[in-house]
Amino acid sequence: MTIQRNLILAGVGGQGLLALAAIIGEAARAQGLHVLQAEVHGMAQRGGVVQSHMRYSSDPIHSALVKMGTAHLILSLEPMEALRYLPYLESDGAVVTNSVPFKNIPDYPAEDEIKSALSALENHRAIDAVDLAKQAGALQAANMVMLGAGAPFLVLSPDTLQEGIRTVFSGKPDAIIETNLLAFQLGFEASEAAA
Amino acid sequence: MPTRLLLGNEALAQGAIDAGLSGAYAYPGTPSTEITATVLKSPDVAEGRIRCAWTANEKTALEAGLGMSYGGKRAMVSMKHVGLNVAADPFINSAISGAHGGLIINVADDPSMHSSQNEQDSRVYLDLAMMPCLEPADQQEAYHAPGIAFALSEKHRIPVMIRLTTRLCHSRATVMTGDSVEQNSFSTPDDERRFILLPALARRSYAKLLERQPEFIAESEASPFTTYFEGDDQSLGIMACGTAYHYVREIVGEACAHPILKIGQYPLPESLIERMMSECNRILVFEDGYPYLEGKLRGLPLRDTPRIHGRLTGHLPRTGELTPGAVAGAFGIDTPDTLAASSIPAPRPPALCPGCPHADTCNAINAVVKDGNPTGRVFSDIGCYTLAAMPPYETVDTCVEMGSSITMAKGASQAGLTPAVSLIGDSTFTHSGMTGLLDCVNENADVTVVIVDNLTIAMTGGQTSSANNRLAEICAGLGVEREHIRIIEPTPNKHEENVAVLRREIEHHGPSVVIAVRECIQTARRSRAKGGSS
């Protein structure tokens, strides 16, 4: 089976976007796919916009950057950030986002405006990742909730994604890994329920 | 061999370790930092087999690398593109003295200025130094580059540059790693006098460097990173340097009708370029950074055949990094319209972290220099604190290059500006600020230097700063009067106290230094998480 996925991963500095990207990349690698992932380091990480382009395929791929209009999924840790990358989305692509805003700027737009823009998209799921992360046992696991929420669109087996969590968090205490696995599971279930 | 998912920077570092690296030196700078950070994490460093350190600046790093090479060992030096400006003196002169053990100089360019003040293309420096250079096209080539570069360096006894760009440095890909080779044993050069660049000796070495250029060009033509892909349709020829090759492949596919020249080594492979120029009617040039190759191909006067198209002719944007969309556009392929950009998202620029000590220092400076004192200016520098140029602080009036805060403040004060305040970080001060402070002392300049000491190199992720807890001693050693070296703790509680100290020192005629000491909240948080002291 030919697999080809182009993803835009979005968030704000400090939300754990790069860990989320690393887990998807690791899972795709473990499934024997070609993987390319571009990420942002340095100045931009200080509370600013953080995004990562991720591509994996059973055929060789060349550009780490996703071409406009070709992303299968925008997976976002923040609702306003999900809207920033719409021109990257292919016509029937999906947007999966955390519904809880991260407000660190004075002119953050009205939440209703964001909600209605998201609702207008054909294929979208909005998940309260903060609530589910608390249920899993740690607010910091919101990124793993969103990994779970995005999982139905990744064409990767949930097993390899969970293995990816273990690999990327290896060295952390077992309890932290279990919390992250639970967060992943809660996100996955919430996403399927929202379908 | 198993594959690993590695950043370009990590692949390069692993490649160097596997190729017998003995010493790595660097000053951190985005997008180059992870090269040396990766070496530092290797067990070879912990167990003392590889020497690896963050140095005071890029110049001291390169000189240490040249010294290790003098001792016969394989050395690697890494910097961002503007770091090469700082290290330009040893860069250009080490091409004349030559190397002994393999010496590679990694320079990471930042087209689009993701985290930099310009997008200069380091290949332009090759015209000055005339040393060979590799430009890996992907992470796998980044892994192989150090081995090839060390061999080239030792064969021709010359340093070799490796040119990287942000997208390669900070993109991950599956990389196959290989076997490792032994380090070189210690030895000194058998022709030691070439390291004495007295004019009479330097002229001879320079003549030799010029004589070897044809050999370097032949190396580039035979390089594993350079390939001429045949194509039947010669109406168009494609030249692509480094990572640009993969953007081209993404668009034209594996079976392209047109010939493609993939260039991965410099000096430019002349005979391959000549071949394409003679066979094709039109050439499209793809390179990330400046139109370096394109400019050389165009020549003067501009030629009609073949026509040369690229960044200079509007077929590609003149500035910024390449994107698959831009490359497609150069082939006349439009990107299909899908969803329009949303007007809802507001800009979310990087900002000082909540609780950052720089915020408290800037609030105190504002109270003295900005509030009701419109003639004052704050000359600032490169670091997190530069973000205080933005609201709500708007403390910073200038940011040009490493160390310029102190010397610009001095010059401006001598032009009549008062008060002239300099705002500089601890590691920027040791990188390039100390000499400027000595100038201030020697001229009794009316400048107040505020050193924001957060005990780390914060912006690049918390590397060790050169002069932790020794800044006051350094300033005193440079000749600043002891009573005008003041240490404050930047916290909201001490605001009034800190304002009073700043006001007194700014009113003082002559150089004064206020050191605001409080640990970066990011590194403090990380050391708490590790169970260390807070």
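# Exercises on a predicted two-chain model

Residues are numbered from 1 along each chain as its sequence is written, chains are lettered from A and ligands numbered from 1 in the order in which they are written, and side-chain values use heavy atoms, with hydrogens and water left out.

**Exercise 1. Describe the contact of chain A with chain B.**

Step 1. Taking contact to be heavy atoms within 4.5 Å, we find 48 residues from chain A and 45 residues from chain B taking part.

Step 2. The buried area, which is the accessible area (1.4 Å probe) that two parts lose on being put together, summed over both, is about 3900 Å² between chain A and chain B, and carbon and sulfur atoms give 60% of this.

Step 3. Four salt bridges (a side-chain nitrogen of Lys or Arg within 4 Å of a carboxyl oxygen of Asp or Glu) cross the interface of chain A and chain B. Over all chains, the whole structure holds 34 salt bridges.

**Exercise 2. Explain how A:E26 and A:R29 are placed in helix α1 of chain A.**

Step 1. A:E26 and A:R29 form a salt bridge, in which the closest N and O atoms are 2.9 Å apart.

Step 2. Helices here are DSSP runs (H or I, at least four residues), as strands are (E, at least two), and both are numbered from the N terminus. Because A:E26 and A:R29 are three residues apart in helix α1 (residues 17-30) of chain A, about one helical turn separates them.

**Exercise 3. Locate the cis peptide bond between B:T30 and B:P31, and the one from B:L300 to B:P301.**

Step 1. The bond joining B:T30 and B:P31 is cis, with omega about 10 degrees, and B:P31 sits in the loop between β2 (21-26) and α2 (33-40) of chain B.

Step 2. From B:L300 to B:P301 the peptide bond is also cis, with omega near -5 degrees, and B:P301 belongs to the loop between α14 (292-298) and β14 (307-309) of chain B.

Key. Predicted model: local features only at pLDDT ≥ 70, side-chain atom pairs only at ≥ 80, totals over all residues.
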